[in-house]
Amino acid sequence: MPDVPPVPAVYVVTDIELDGPWPGANSMRSFASVAVRGDGRLLATFEAVLEPLAGSAPSPETLAWFETQGEAWAAATTDPRPVPQVLADWVAWIRALGAPAVFVSAPMALDGVWIDYYLRRFTAYGLLQGPYEADRLFARHLCLNSYAAGVVGGHPATFTVHDLPAEWFGDVPHSHRALDDALGYAHLLATLLARRPQPG
């Protein structure tokens, strides 16, 4: 059979905004995804505000922090939509990208866990899918914090992407509005991919 060139991956860089630390007891109030190629070319964006989960309640500590971030709280809570509808639309949006999708977040241990919880509760998919799950929404997932530490030589126990130069984020302010933060992380991903050591 002739060699078939690999289909370029699409990186789905995602940021979430939460009203507390625990999936289920608290809620994801908004999230945004930015689909980009490895060179940073923007393909599409998705942004949504979600209704709180039934039976959940915001964490007082998180609400107290959001009181200092009024615009971010408004962006995360204005005109919410039913969660099943949002997740169905997001799955369709990812499928329409037409290439193997790589989920990217910073850090995976936070955003990835919440996205996996919501996907498994409201769709037929997950994020952290094992080999026994043949129908996958994402081909791979990437922790941007860990990847950045590897590229720049940061110590994994203490490194954070927010120690990196602002221009690596495209000078997009980290406003805690999900779309702003996802756009900044997408620019950072392209910067890191361009700076990674080349083989040989």
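Trainee: What makes helix H6 largely enclosed by the rest of the structure?

Mentor: The model is a predicted one, and the reasoning rests on computed accessibility. A residue counts as buried when its relative accessible area is under 20%. In H6, 13 of the 18 residues are buried, so the helix is described as largely enclosed by the rest of the structure.

Trainee: How do you know what span to expect of H6 at 1.5 Å a residue?

Mentor: The expected span is 1.5 Å times one less than the number of residues. H6 has 18 residues, for which 26 Å is expected, and its first and last C-alpha atoms are 26 Å apart. For helix H4, with 15 residues, the reach is 20 Å, close to the expected 21 Å.

Trainee: Which residues of H4 are buried, and what do they pack against?

Mentor: The buried residues are Met108, Asp111, Gly112, Trp114, Ile115, Asp116, Tyr118 and Leu119. They pack against strands S1, S2, S4 and S5 and against helix H3.

Trainee: Why is Met108 called buried?

Mentor: Its relative accessible area is 12%, and the cut-off is under 20%; Met108 is therefore buried. Leaving aside neighbours within four places in sequence, Met108 is in contact with Phe103, Val113, Leu127, His141, Leu142 and Cys143. Cys143 is 35 residues from Met108 along the chain, yet their C-alpha atoms are separated by 4.8 Å.

Trainee: Why is Ser30 called buried?

Mentor: Ser30, in strand S2, has a relative accessible area of 4%, and is therefore buried by the limit of under 20%. Its contacts, leaving aside neighbours within four places in sequence, include Asp15, Ile16 and Glu17, as well as Ala48, Val49 and Leu50. Ala76 and Ala178 are also in contact with Ser30.

Trainee: What makes a set of residues a nonpolar core?

Mentor: The members must be buried residues of the listed nonpolar kinds, joined through side-chain atoms within 4.5 Å. The largest such core has 32 residues, of which Met28, Phe31, Trp90 and Phe138 touch the most other members. Two or more residues come from each of S1, S2, strand S3, H3, S4 and H4. H3 gives the most, with seven residues. A second, separate core has 26 residues, including Leu144, Ala148, Trp168 and Ala186. In soluble globular proteins, nonpolar side chains tend to be buried together.

Trainee: Which residues does Met28 touch?

Mentor: Not counting residues up to four places away in sequence, Met28 touches Ile16, Glu17, Leu18 and Leu50, together with Trp114, Ile115 and Tyr118.

Trainee: What lines the largest pocket, and what is the volume of that pocket?

Mentor: The volume is about 320 Å³. Of the 19 lining residues, those closest to the centre are Asp15, Ile16, Glu17, Leu110 and His176. Strand S1 and helices H1, H4 and H6 each give two or more residues to the lining, and S1 gives the most, with four. By kind, the lining divides into nine nonpolar, six polar and four charged residues.

Trainee: Why is His176 called partly exposed, whereas Asp171 counts as exposed?

Mentor: Exposed requires over 50%, and partly exposed lies between that limit and 20%. Asp171 stands at 54%, and therefore counts as exposed. His176 stands at 22%, and is therefore partly exposed. Asp171 is placed in the loop between helix H5 and H6, and His176 is likewise in the loop between H5 and H6.

Trainee: What phi values do Asp171 and His176 have?

Mentor: Most residues other than glycine have a negative phi, and most peptide bonds are trans. Asp171 is not a glycine, but has a positive phi of about 55°. His176, also not a glycine, has a positive phi of about 70°.

Trainee: Which form, cis or trans, does the peptide bond from Ala106 to Pro107 take?

Mentor: That bond is cis, with omega near -5°. Pro107 belongs to the loop between S4 and H4.

Key
Residues numbered from 1 in each chain as written. Predicted model: local features only at pLDDT ≥ 70, side-chain atom pairs only at ≥ 80, totals over all residues. Heavy atoms only, no water. 1 Å grid on protein atoms, 1.4 Å probe; cavity = no way out; pocket = protein on both sides within 12 Å on 5 of 7 lines; lining within 4 Å. Points joined across faces, edges and corners; volume = space filled by probe spheres on them. Nonpolar A, V, L, I, M, F, W, Y, C, P; charged D, E, K, R; others polar. Buried < 20%, exposed > 50% of the residue type's maximum accessible area, 1.4 Å probe, protein only. Contact = heavy atoms within 4.5 Å.
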